[in-house]
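Good morning, and thank you for joining. I would ask you to look at the sequence and the structure together while I speak.

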Amino acid sequence: MQYMALIYANETEWSDLSSAERESMYDRYRSLAREAEETGVMAGGNELGPTRDATTVRVRGDETLVTDGPYAEVKEALGGFFLFECETMEEALDWAARIPAVEHGAVEVRPVYVDPEEAQL
Amino acid sequence: MKYAMLIYDDDSAWVDLPDDEKAAFRAEEMPKWVALFEELGKADPNVSGKELDGRGTAKVVRVRDGERIVTDGPFAETKEILGGVFLTELPDLDEAIRLAALIPAAQGGGSIEIRPVVQ
């Protein structure tokens, strides 16, 4: 079963870090990813660019509406995710609780949807 | 350039339906998604995507002063919720916008947020 751990954190705090601080944060992320890989839990993950680089697309009627910026202006934005292969939500939460952002932001864990019909195949 | 397409949509129309009704609802929507997968596959043969389970399955974890706090429900209490993600390698933002507009959720009242992926 795959679980997506969605990382929500304050972007300004991140961009205000010195390059040494940021590098040390990246080290923590890399070491978590490495351990998840060695344990066979790592199924993917990506860091997203900042919301100021976001573009939002909606189609209403025949018209495609394109706006600069994120879908919603929020204090804590989605900044990236891990994809964990785990047996249970509890196990996924154990991994999620080790993502550095949990200490100042929040991590939302959601199971990846499995179609009941596909699951029976 | 690598892009993430974040699909925000109101899932209340179907997420709480019983399994058989949910399956019927999804079957009705499926042709539009199949058409999208075809277009996405043409643009990027290595496109990947994940659909997330409904908001009732979400948990949020925080650690404050060394203590783990787990709460039920999604992080953002909004009507529209992140329902899935596509990851694509595309030539430019215009192509990402063209494909995002083909995502059925963009047409049904939802929004697609395109974000560059940090390489």
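Let me begin with a question: does B:D72 count as buried or exposed? Please keep in mind that this is a predicted model. B:D72 belongs to strand β4 of chain B. Because its C-beta neighbours inside 10 Å number 10, B:D72 counts as exposed; the cut-off for that class is 12 or fewer. The C-alpha atom of B:D72 is separated by 34 Å from that of B:L40, and these two residues are 32 places apart along the chain.

B:L52 sits in the loop between β2, residues 48-51, and β3 of chain B. B:L52 has 24 C-beta neighbours inside 10 Å and therefore counts as buried. Which residues surround B:L52, leaving aside those within four places in sequence? From chain A, the contacts are A:M4, A:R110, A:V112 and A:Y113; from chain B, they are B:L82, B:G83 and B:G84.

Chain A contains four helices and six strands, and its elements follow the order β-α-α-β-β-β-β-α-β-α along the sequence. Chain B contains three helices and six strands, in the order β-α-β-β-β-β-α-α-β. The C-alpha trace of chain A spans about 50 × 45 × 20 Å along its principal axes; for chain B, the corresponding box is roughly 45 × 40 × 20 Å. Of the 121 residues of chain A, 32% count as buried, and of the 119 residues of chain B, 32% do. As for contacts between residues at least 6 apart in sequence, 75% of those in chain A join residues at least 24 apart.

In soluble globular proteins, nonpolar side chains tend to be buried together. The largest nonpolar core here has 56 residues, and the members that touch the most others are A:A5, A:L6, A:I7, A:V107, B:M5, B:L6 and B:I112. Strand β1 of chain A, residues 2-10, supplies the largest share of this core, with seven residues. A:V107 illustrates the arrangement: beyond four places in sequence, A:V107 touches A:A5, A:L6, A:I7, A:A96, A:I99, A:A101 and A:V102, together with B:V60 and B:V61.

In helix α3 of chain A, residues 89-96, the buried residues are A:A92, A:L93, A:W95 and A:A96. Seen down the helix axis, they fall within an arc of 160 degrees, so they line one face of α3(A). These residues pack against β1, α2, β5 and β6 of chain A, and against β3 and β4 of chain B. In helix α2 of chain B, residues 93-100, B:A96, B:L99 and B:A100 are buried. Their arc is 100 degrees, so they also line one face of their helix. An α-helix has 3.6 residues a turn, so residues three or four places apart point the same way. The packing partners of the buried residues of α2(B) are β3 of chain A, together with β1, α1, α3 and β6 of chain B.

Finally, a hairpin in chain A. Strands β3, residues 55-60, and β4, residues 63-68, pair in the antiparallel sense over six bridges. A:T55 has A:D68 as its bridge partner. Two residues lie between the strands, and A:G61 in the turn has a positive phi of about 65 degrees.

Thank you for your attention.

Technical notes
Residues are numbered from 1 along each chain as its sequence is written. Chains are lettered from A and ligands numbered from 1 in the order in which they are written. This is a predicted model: local features need pLDDT of at least 70, side-chain atom pairs count only at pLDDT 80 or more; totals for chains, interfaces and linings use all residues. A nonpolar core is a set of buried Ala, Val, Leu, Ile, Met, Phe, Trp, Tyr and Cys residues joined through C-beta atoms within 7 Å. A residue is buried if 20 or more other C-beta atoms lie within 10 Å of its own, exposed if 12 or fewer, and partly exposed in between; C-beta atoms are placed from the backbone. Two residues are in contact if their C-beta atoms, placed from the backbone, lie within 7 Å. Two strands pair if DSSP finds at least two bridges between them. The arc is that of the directions from the helix axis to the C-beta atoms.
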